[in-house]
Amino acid sequence: MDRTKDIINKISQVTGRFSAYEIFADWVRCMAISISNASDLFYNAVWKNREAEYLKTMQKYESEEQEAFGEMTAFLVETLCCGLRDVMGDIYMALDQGSKQAGQFFTPYHVSQLTAQIAAENAVDGKCQVHEPSCGSGGMIIAVADTLRQQGHNYQRIMRVVAQDLDWRCVYMCYVQLSLLGIKATVVQGDTLCNPYTQGYPPERVLHTPARKGMLL
């Protein structure tokens, strides 16, 4: 079942002390940190800093509002289980979170699907390498996964993704969706042109999906 509208309604119900913009950003941040920290084996400085950021964020909200965050996450999982699509991007744009000043215009998913059909042709020897320099919420990557699925491939096995974006909200949105879809990905915060991801990148700006962490063990 598509629960996108339910998520948007929940955000509206929580608004009052905080704007929809802040609530959405906090929810996405806390989801990303929860997924990352729950799948880490070592509680190093990065883990501790992220845990502190999570607690600081959640302390802003009353218990009922915190419960709403949990319900929104459940709605997101339920929606992604119905089919591959850029759910977070849809929510982001429905809340009018796009920024002309920042040049944030999320690609409609059907356009992403068309582009993905070309990218999926690069799958060689049962592998598909995807490098997304301006990942947004991960719509283009999800479209590639969907195309591979339609072609009979197991995208969870053959895809390897590096996604980067300057905006932390986009990093978190992309990370959450790729994690929930079981895609092996490294999602990075930074300017791709000036500071592209390489080995040795500052670890506090790098998030590995649980499926990717399984490869690193």
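Predicted model: local features only at pLDDT ≥ 70, side-chain atom pairs only at ≥ 80, totals over all residues.
Q: Hi! Which side chains along strand 1 point to one face and are buried, and which point to the other?
A: Cys128, Val130 and Glu132 point to one face and are buried (under 20% relative accessible area with a 1.4 Å probe, protein chains only; exposed is over 50%, partly exposed in between). Residues are numbered from 1 along each chain as its sequence is written, and side-chain values use heavy atoms, without hydrogens or water.

Q: What order do the strands of the sheet have?
A: The order is 1-2-3-4, in an open sheet of 4 strands with mixed pairing. Strands are DSSP runs (E, at least two residues) and helices likewise (H or I, at least four), numbered from the N terminus. Strand 1 (128-132) and strand 4 (206-208) are the edges, each pairing on one side only.

Q: How do strands 1 and 2 run, and how many bridges join them?
A: Strand 1 and strand 2 (residues 159-165) run parallel, joined by 5 bridges; pairing takes at least two DSSP bridges. Cys128 has Met159 as its bridge partner in strand 2.

Q: And which sense for strands 3 and 4?
A: Antiparallel, over 3 bridges, with strand 3 covering residues 185-189. Thr186 stands opposite His208 in strand 4.

Q: Switching topic: which residues of helix 3 are buried?
A: Val46, Trp47, Arg50, Thr57 and Met58 are buried in helix 3. Seen down the helix axis, the buried residues fall within an arc of 100° (taken from the directions from the axis to the C-beta atoms), so they line one face of helix 3.

Q: What do those buried residues pack against?
A: The buried residues of helix 3 pack against helix 2 (20-38), helix 4 (63-81) and strand 4, where contact means heavy atoms within 4.5 Å. The face turned away from the buried side of helix 3 carries the exposed residues Ala45, Lys48, Asn49 and Lys56.

Q: Which residue caps the N-terminal end of helix 3?
A: Asn44 does, with a side-chain oxygen 3.2 Å from the backbone nitrogen of Val46.

Q: Last one: is Arg3 buried or exposed?
A: Arg3 is buried, at a relative accessible area of 16%. Arg3 sits in the segment before helix 1 (4-14). Leaving aside residues up to four places away in sequence, Arg3 touches Phe75, Glu78 and Thr79.

Conventions:
Polar contact = N/O pair within 3.5 Å; in protein donor to acceptor, adjacent residues only side chain to side chain.
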